[in-house]
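These are my notebook entries on a single structure.

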Amino acid sequence: MEQNVNRRRFLGAAIGTGAAAAWAPSALAHGRHGKSRRASAGGANKVPRNRRGIQLYTMRRIMDKSQADAAHVLQWLGRHGYTEVETAGHYGWTAAQFRRELDRAGLRAISGHDGPDSTFPAGWQDAYRTTLEYAAALGQKYTGWAWFPGPYNDPEVWKGLAEKFNEAGSLAREYGLQFFYHNHNFEFENRQADGTPVYDILLEETDRRLVKFELDLFWITEGGANAVQYLSADPSRFWAYHVKDHVWGRRIGANNFEDAGPGMLDFPDLFDAGDGRGLDKHFFIEHDEPWLSHPDDDAAEYKTAQNGISYLEQVRW
């Protein structure tokens, strides 16, 4: 598709055929200045070099093979312009070993998806302290909770999670860490009695000092919510983004993930909405299944990562 295609014109046509009805609201939403700006457009703001990151889940198919493969990926990421990573596993390394590999690659593990056991069994706090000790030794500043098996449609479950998150956030602070929650689509697809997403329960019933939020821009779109509205309403609550794009339209029989840039999400509008005086935002490229964007390509993960860093270097808002 032509690079300068008008995104809103495309989405308007898609809605007319019913193809984009579920995700159009967040994609169509304007930023604070009421206009769309693509990566190559103007604007004085850009992603600082020391805030260009990647969620290592993107590279798991390679990194999980061996420690040598994991180290090679880290070296590659550092050489190609990334400065931060978010962990999704430790590859059998101690915190000291992992940190040494990161240092060699010129990277910092600022964050990790390493929250407590999603079932919160009796005594979960003790096991979580071990996790927090590792995260602090690795040099993380943030520690997050990324997924749980449900049920998703019961508001009481979400209220219970809010209580647990406050406790986890308090424990994390003892280790100098900030706790956060990472969303998927189900938080927005499931609603409370008043019609608002169950995600809002977490925003309202967690202590903002103890619980921050990492907004996955793909998943909130898939959930049919308006990311710009959430970001504009309280930009300081969202410390980081998963910069994950959405294909134009939908794939048949496969997920709709896309490399950052060529997809339908208007990242400049989204980043603009989340801006605020003195805020320190982090930008993590993520693609759950890079082989969808690069079929039958053994280098799919590397191509996705290259497209991602190129986008973070170029985007302006």
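**Backbone entries**

I began with aspartate 296, which is exposed, with a relative accessible area of 85%. I used these classes: buried is under 20% relative accessible area, exposed is over 50%, and partly exposed is in between, with a 1.4 Å probe and protein chains only. The model is predicted, so I note that local features need pLDDT of at least 70, side-chain atom pairs count only at pLDDT 80 or more, and totals for chains, interfaces and linings use all residues. Residues are numbered from 1 along each chain as its sequence is written, and side-chain values use heavy atoms, with hydrogens and water left out.

Phi of aspartate 296 is near 55°, a positive value in a residue other than glycine. I located aspartate 296 in the loop between helix H13 (290–293) and H14. Helices (H or I, at least four residues) and strands (E, at least two) are DSSP runs, numbered from the N terminus.

I then looked up phenylalanine 120, where phi is near 45°, again positive in a residue other than glycine. Phenylalanine 120 sits in the loop between strand S3 (108–113) and H6. Is phenylalanine 120 buried or exposed? I recorded phenylalanine 120 as buried, with a relative accessible area of 12%.

I also noted a cis peptide bond from glycine 150 to proline 151, with omega near 5°. Proline 151 belongs to the loop between strand S4 (142–145) and H7.

**Helix packing entries**

I describe two packed helices by the angle between their axes and the distance between the axes. Axes are lines fitted to C-alpha atoms, for helices over the stretch in contact, and angles run from 0 to 180 degrees between N-to-C directions.

For helix H6 (residues 124–138) and helix H7 (residues 155–174), the axes come within 10 Å and cross at roughly 45°. H6 and H7 are therefore oblique to each other. Angles under 35 degrees count as roughly parallel, over 145 as roughly antiparallel, 65 to 115 as roughly perpendicular and the rest as oblique. The contact (heavy atoms within 4.5 Å) involves Trp124, Gln125, Tyr128, Arg129 and Leu132 on H6, and Lys164, Glu167, Ala168, Leu171, Ala172 and Glu174 on H7.

For helix H4 (residues 67–79) and helix H14 (residues 300–314), the axes come within 11 Å and cross at roughly 25°. H4 and H14 are therefore roughly parallel to each other. I list His72, Val73, Trp76 and Leu77 of H4 against Tyr302, Ala305 and Gln306 of H14 as the residues in contact.

**Aromatic entries**

How many aromatic pairs does a search of the whole structure find? I recorded 36. Rings of Phe, Tyr and Trp (its six-membered ring) pair if their centres lie within 6.5 Å; planes under 30 degrees apart count as stacked, over 60 as edge-to-face and the rest as tilted.

The rings of tyrosine 181 and phenylalanine 213 have centres 6.5 Å apart and planes at 75°, so the pair is edge-to-face. This pair links distant parts of the chain, with tyrosine 181 in strand S5 (residues 178–182) and phenylalanine 213 in strand S6 (residues 211–216), 32 residues apart. Both tyrosine 181 and phenylalanine 213 are buried.

The rings of phenylalanine 271 and phenylalanine 283 have centres 4.9 Å apart and planes at 85°, so this pair is edge-to-face. I found phenylalanine 271 buried at 1% relative accessible area, and phenylalanine 283 buried at 4%.
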